[in-house]
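Subject: Structure handover and notes

Hello,

I am passing on the structure we talked about. Please look it over before reading the notes under it.

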Amino acid sequence: DLSIEFVESLSQEILKASVILLQGEIPWETNKYIINRFSSLIPIIFDPAPASKEMLDYIDKVAYITPNESEFEELSGHEAFNNVEVLIKSAVHFQERIKTNLILKMGELGCCFVSDKEIAYVPSIAAGRVIDTTGAGDVFNAAFAHSLDIGEELSQALRIATAASAICVTRFGAAPSIPNIGETMELIANMKEEISWFKKKEVLRGKSFGNSKKGEKQNLRRW
């Protein structure tokens with residue numbers, strides 16, 4: 001039982017961490033305590049699974065929030081259409097409300113990252129035939145947290161998380177489907193498409209996603 005008392009008993013160990021990963025299945029009172037106690041000291045990644053509206057009062061304190069499409073619908077009130085451009089624009093407007101770095105997991109469409117200044121679109125990676133999506137979101141979050149923990153740049157952390165979850169869905173089960181870092185990095189090495197970065201203020205002004213940051217492929221022109 002992840003009670004507040006249990007967490008506090010481990011506070012000195014927690015303070016040694018470089019990142020904290022939380023999710024909605026932890027008792028909400030415990031999540032609130034951890035966020036209030038540690039968010040100013042350690043970056044917190046919060047996976048709102050399952051999502052509830054009461055989370056909106058606290059997610060501005062975390063470093064990253066990582067909903068999937070259904071969780072995004074619950075929190076934002078925006079319908080999650082199966083369209084990359086619509087999803088990213090909805091994510092941009094939601095991030096304007098919450099003022100927290102948002103990573104929207106879009107399944108077979110990849111993921112997007114939205115901060116106060118920038119937007120990144122990470123295309124999905126084909127790792128084989130999809131067999132079982134159980135645990136894909138958990139693997140994404142764990143790989144992202146691990147990548148930040150070992151000092152990877154944000155772009156690489158997003159690539160690693162996307163690749164790890166892509167491998168996960170090609171296998172049965174939750175724990176048995178978790179890939180190791182070697183096979184994850186091998187898949188990344190075979191990525192054909194790069195992450196596309198965009199200035200958030202231009203998107204808010206109604207511009208399309210036609211122009212990405214110099215040095216990155218313009219993946220979104222096909223929209």
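Predicted model: local features only at pLDDT ≥ 70, side-chain atom pairs only at ≥ 80, totals over all residues.

Residues are numbered from 1 along each chain as its sequence is written, and side-chain values use heavy atoms, with hydrogens and water left out.

Helix H8

Helices (H or I, at least four residues) and strands (E, at least two) are DSSP runs, numbered from the N terminus. Helix H8 spans residues 181–189, and Thr-184, Leu-187 and Ile-188 are buried in it. Buried means under 20% relative accessible area, exposed over 50%, and partly exposed in between (1.4 Å probe, protein chains only). The exposed residues Glu-186 and Ala-189 are on the face turned away from the buried side. Helix H7 (154–168) is included in what covers the buried residues of H8, where contact means heavy atoms within 4.5 Å.

Salt bridges

The whole structure contains 10 salt bridges, each defined as a side-chain nitrogen of Lys or Arg within 4 Å of a carboxyl oxygen of Asp or Glu.

- Arg-171 and Glu-183 meet in a salt bridge at 2.5 Å, N to O. This pair links distant parts of the chain, with Arg-171 in the loop between H7 and H8 and Glu-183 in helix H8, 12 residues apart. Arg-171 is partly exposed at 25%, and Glu-183 is partly exposed at 25%.
- Salt bridges with shared partners join Glu-96, Lys-99 and Lys-200 into one network.
- Arg-37 pairs with Glu-8 in a salt bridge, the closest N and O atoms being 3.4 Å apart. Here too distant parts of the chain are linked: Arg-37 is in helix H3 (residues 28–38) and Glu-8 in helix H1, 29 residues apart. Arg-37 is partly exposed at 27% relative accessibility, and Glu-8 is partly exposed at 33%.
- Glu-29 and Lys-32 form a salt bridge at 3.0 Å, N to O. Both lie in helix H3, 3 residues apart, about one turn of the helix. Glu-29 counts as partly exposed at 48% relative accessibility, whereas Lys-32 counts as buried at 17%.

A loop residue

Ser-115 is in the loop between strand S5 (111–114) and strand S6 (118–122). Ser-115 counts as buried, because its relative accessibility is 11%. Leaving out residues up to four places away in sequence, Ser-115 touches Gln-95, Asn-101 and Lys-200.

Surface patch

Leu-2, Phe-6 and Leu-10 make up a nonpolar surface patch with about 240 Å² of accessible area together. Patches are made of residues with over 30% relative accessible area and no salt bridge; like charges are joined within 9 Å, and nonpolar side chains (Val, Leu, Ile, Met, Phe, Trp, Tyr) within 5 Å. Accessible areas come from the Shrake-Rupley method with a 1.4 Å probe, and for residues, only the protein chains shown count as cover. Phe-6 lies in helix H1 (residues 4–9) and is partly exposed, with a relative accessible area of 41%.

Regards
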